[in-house]
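Hi,

Here is the structure I promised to pass on. Have a look at it first, and my notes follow below.

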Amino acid sequence: MANLRELRDRIRSVNSTKKITKAQELIATSRITKAQARVEASQPYANEIHSVMERLASASSLDHPMLREREGARRAAVLVVTSDRGMAGGYNYNVFKKAAELTRMLEDNGYEVVRYVTGNKGVGYYRFREQPVAGAWTGFSQDPSWKETHDVRRHMIDGFIAGSNGTTKHRAGLNASEHEDVQGFDTVHVVYTEFESMLTQTAVVHQLLPIEPVIHTEPIQQGEDILSDAGDPHADVDFEPDADTLLEALLPQYVSRSLFAIFLEAAAAESASRRTAMKSATDNATELVKDLSRVANQARQAQITQEITEIVGGAGALAESGESD
């Protein structure tokens, strides 16, 4: 009876857990749809600003620090994008693994690495291992907004513009006062999870600053088109004010939008990873309940058989002793 009671208690416990994982699966599924819709909605603006930046870069002679590798670069910022909540399978582990590989590579190349983190899971991970974190931002991993991500975007941009020889305002209050100036950096890398499909999410490294060569910084040669569509009817454009002024003003906006797009992508990947993990947990709980129910039924049948055997044996003993009369 004790064994049977334990089995029934465990079945009830697994069923309770199954309800939680099923609910989390449904919530994650609904959030994936919303996250994908936000990514798609931001795409037209992303395409247009990319096109404008290509035109400006081709028409400008501005030697902007965001567009070139810095000589004597010695300090690299690594932004690790994690989730605020768990139950997402290997989502955060894969990011931590990729971030560790990037950190080792940068250190081997002589860089001093300064780590920044978004998401409670990342903060807890590095704090538990007593690894330094220069700044952290939390509370928006599943539903990032332009306003909530403002500080992290500005800190990355301002820190890069300041460089390792300059300082910038500290915008994340982990290790410094909100108004304290902190040292800048020469490169910015972002480690995040890229959404490929509902079943596949991959941790990747993206060099945010200086901007990787997706923008043409050399003047256009005769017969060359900087856009993918060679038949673009708007290829000849006059800029007001001049291209240099516009490029200098729009480059920070371009980088800021790129980082926000990364947060949107990571939010979709987080929900997809959580859905997959919760679906797997729900399926495993269903199979476990089936197995436990089968064992419980066998135990119950064995108990009934034993009781019948004892009754029959007792009746036989009474008959042989003559006490049945």
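Before the holes, a word on terms: on a 1 Å grid over the protein atoms alone, a cavity is a set of points where a 1.4 Å probe fits but cannot get out, while a pocket is an open set with protein on both sides within 12 Å along at least five of seven lines. Lining residues have an atom within 4 Å of a point. Grid points are joined across faces, edges and corners, and a volume is the space filled by probe spheres set on the points.

Keep in mind that this is a predicted model: local features need pLDDT of at least 70, side-chain atom pairs count only at pLDDT 80 or more, and totals for chains, interfaces and linings use all residues. Numbering runs from 1 along each chain as its sequence is written, and side-chain values use heavy atoms, with hydrogens and water left out.

**Cavity and pocket**

The structure has 1 cavity of 30 Å³ or more. The largest cavity holds about 50 Å³ of space. Its lining consists of V81, T82, Y91, T118, F140, S141, P144, F263, A266, A267 and E270. By class that makes 7 nonpolar, 3 polar and 1 charged residues (Ala, Val, Leu, Ile, Met, Phe, Trp, Tyr, Cys and Pro count as nonpolar, Asp, Glu, Lys and Arg as charged, and the others, Gly among them, as polar). Helix α5 gives the largest share of this lining, 4 residues; helices (H or I, at least four residues) and strands (E, at least two) are DSSP runs, numbered from the N terminus.

The largest pocket has a volume of about 550 Å³. It is lined by 22 residues, and those closest to its centre are H206, Y254, R257, S258 and A261. At least two lining residues each come from α1 (2–59), β6 (187–195), β7 (201–209) and α5 (243–321). Here too α5 supplies the largest share, 8 residues. The pocket lining splits into 11 nonpolar, 7 polar and 4 charged residues.

**Helix packing**

Helix α4 (residues 150–162) packs on α5 at an angle of about 130°, with the axes 10 Å apart. Axes are lines fitted to C-alpha atoms, for helices over the stretch in contact, and angles run from 0 to 180 degrees between N-to-C directions. So α4 and α5 are oblique to each other (under 35 degrees counts as roughly parallel, over 145 as roughly antiparallel, 65 to 115 as roughly perpendicular and the rest as oblique). On the α4 side the contact (heavy atoms within 4.5 Å) is made by V152, R153, R154, M156 and I157, and on the α5 side by P252, V255, S256, L259, F260 and F263. Those residues divide into 8 nonpolar, 1 polar and 2 charged. F263 also turns up in the lining of the largest cavity.

The axes of α2 (residues 91–108) and α3 (residues 120–128) come within 11 Å and cross at roughly 55°, so this pair is oblique as well. N92, F96 and A99 of α2 meet K121, G122, Y125 and Y126 of α3. In this contact there are 4 nonpolar, 2 polar and 1 charged residues.

Most residues other than glycine have a negative phi, and most peptide bonds are trans. Which bond is cis here? The one joining L209 and P210, with omega about -10°. P210 sits in the loop between β7 and α5. M87 is not a glycine, yet has a positive phi of about 55°; you'll find M87 in the loop between β1 (75–81) and α2.

D181 belongs to strand β5 (residues 181–183). From D181 to H170 is 11 residues in sequence and 5.6 Å in space, C-alpha to C-alpha. Neighbours within four places in sequence aside, D181 is in contact with T167, T168 and K169.

Cheers
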